[in-house]
Amino acid sequence: MALRRNNSLLSVDFGVNSVRLLQVAGQHVKAMELPCEIFSADPIAGTRDPGGLGADLTRVLASADFQGRRCAVTLPATCFLKDTVVLPDLDEADRAESLCWEAVDRFGVEHDEVTVGALRLRAGSGATIVGSIAPDAPAPQSPANSANSQAGCEHLLMALKRSTAMFALEPLLDAGLAPIRLESAALAGLRTAWTFWSRTSHEPLAFVHIEPSQATVLLAREGELLFHREIPGVFQTMRTINASADPDAIPMEVRSPATDRRAFRWSGLADEILQCLRYVERRGAGQWPGGLITSGPAAGQVELIATLESICGVPSQAATASGVVDPLPATLSPCIWAAALGAAAIDLGQPTMLDTRRAA
């Protein structure tokens, strides 16, 4: 289902070196990209705005004819702390408190320093652990998973340091914007990919959101999240690789002979993704994705798509805006703008839509 053309929500997508603004109004898609250094020096925690983003936003909002001030915000996936936890059935208040203390215990943070949420997971066919893309949907019970239901439900625990959130939100508030939700760019990008995929196929979908220092692998089926994994790496092609980069990072292929010898290859990332697919296949009664969609600044490269398709054996393509915003201006790459598109798509009405409001 496409975005409503009278949607006044402004999407604000923070990247490592820029922030993207997108709004669908009438027959026009308004988009603008501004430099932003909040996550350039520290892509995990960020820093206080060193470049006057608030003033830039104030000027842009006054001159670019963006409508309204309500906005949905996405942050790089590297900003979020994540783990899988099992919780017994609790009411909403007790569940929120339990999740917060789980975050304190698992991530080593103070209780009042983080905002915590979770995507509820449930047992599906073949006792596969899956995450509901519609968290409010009741979890069906079966004899195969009755023991699991008695022990509790799995949740994908997500925590965000409040200082990190405020680094991004303060310039928005200074510019007069009113953020209504905050989520991971990887999950927002999955919403865009799933909206397209659900119109073309009923098979499981593999999705990879690639940021400069991390790739997030997600698998979804019929509106349920099957798998989540983060893969560290240095996924950049136009820069010299820092010699102090993480030695465990995934190599990416760079064809230029002038590039540092420690240049990283796409084949390493593809091998890791293949292992993820095999793991889900073993745990999920033979489930195998019908396609693989990529998003992120480097996600549209021909070399990446060809390598993923060759190694993983899954038809692969870069993210498309078809079914979300059609047509998207030719000057905007759906790969780069996938998170912004997904963040703005709050009025999608399909029951299988990815809803991450509780995980932000």
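Okay, let's start with strand 4, residues 70–75, which is mostly covered: 5 of its 6 residues are buried. Buried here means under 20% relative accessible area, with exposed over 50% and partly exposed in between, using a 1.4 Å probe and protein chains only. Strands are DSSP runs of E, at least two residues, and helices are runs of H or I, at least four, both numbered from the N terminus.

Quick caveats. This is a predicted model, where local features need pLDDT of at least 70 and side-chain atom pairs count only at pLDDT 80 or more, while totals for chains, interfaces and linings use all residues. Residues are numbered from 1 along each chain as its sequence is written, and side-chain values use heavy atoms, leaving out hydrogens and water.

So who sits beside strand 4? Strand 1, residues 10–14, pairs with strand 4 in the parallel sense over 4 bridges; for pairing, DSSP has to find at least two bridges between the strands. S11 has A72 as its bridge partner in strand 4, and D13 stands opposite T74. Then there's strand 9, residues 178–184, parallel to strand 4 and joined to it by 6 bridges. There, A72 partners with R181.

Zooming out, we get an open sheet of 5 strands in the order 3-2-1-4-9, with mixed pairing. Strand 3 (28–35) and strand 9 are at the edges with a single partner strand each, so one side of each has no neighbour in the sheet. The twist averages 20° from one strand to the next, with axes fitted as lines to C-alpha atoms, for helices over the stretch in contact, and angles from 0 to 180 degrees between N-to-C directions.

Helix 1, residues 53–63, lies across strands 1, 2 and 3, at about 155° to strand 3. Helix 8, residues 334–344, lies across strands 1, 2, 3, 4 and 9, at about 50° to strand 2. Contact means heavy atoms within 4.5 Å.

Last bit: packing. A nonpolar core is a set of buried Ala, Val, Leu, Ile, Met, Phe, Trp, Tyr and Cys residues joined through side-chain atoms within 4.5 Å. In the largest one, with 45 residues, V12, F14, V73, L75 and L172 touch the most other members. Helix 5, residues 185–200, gives the most to this core, with 6 residues.
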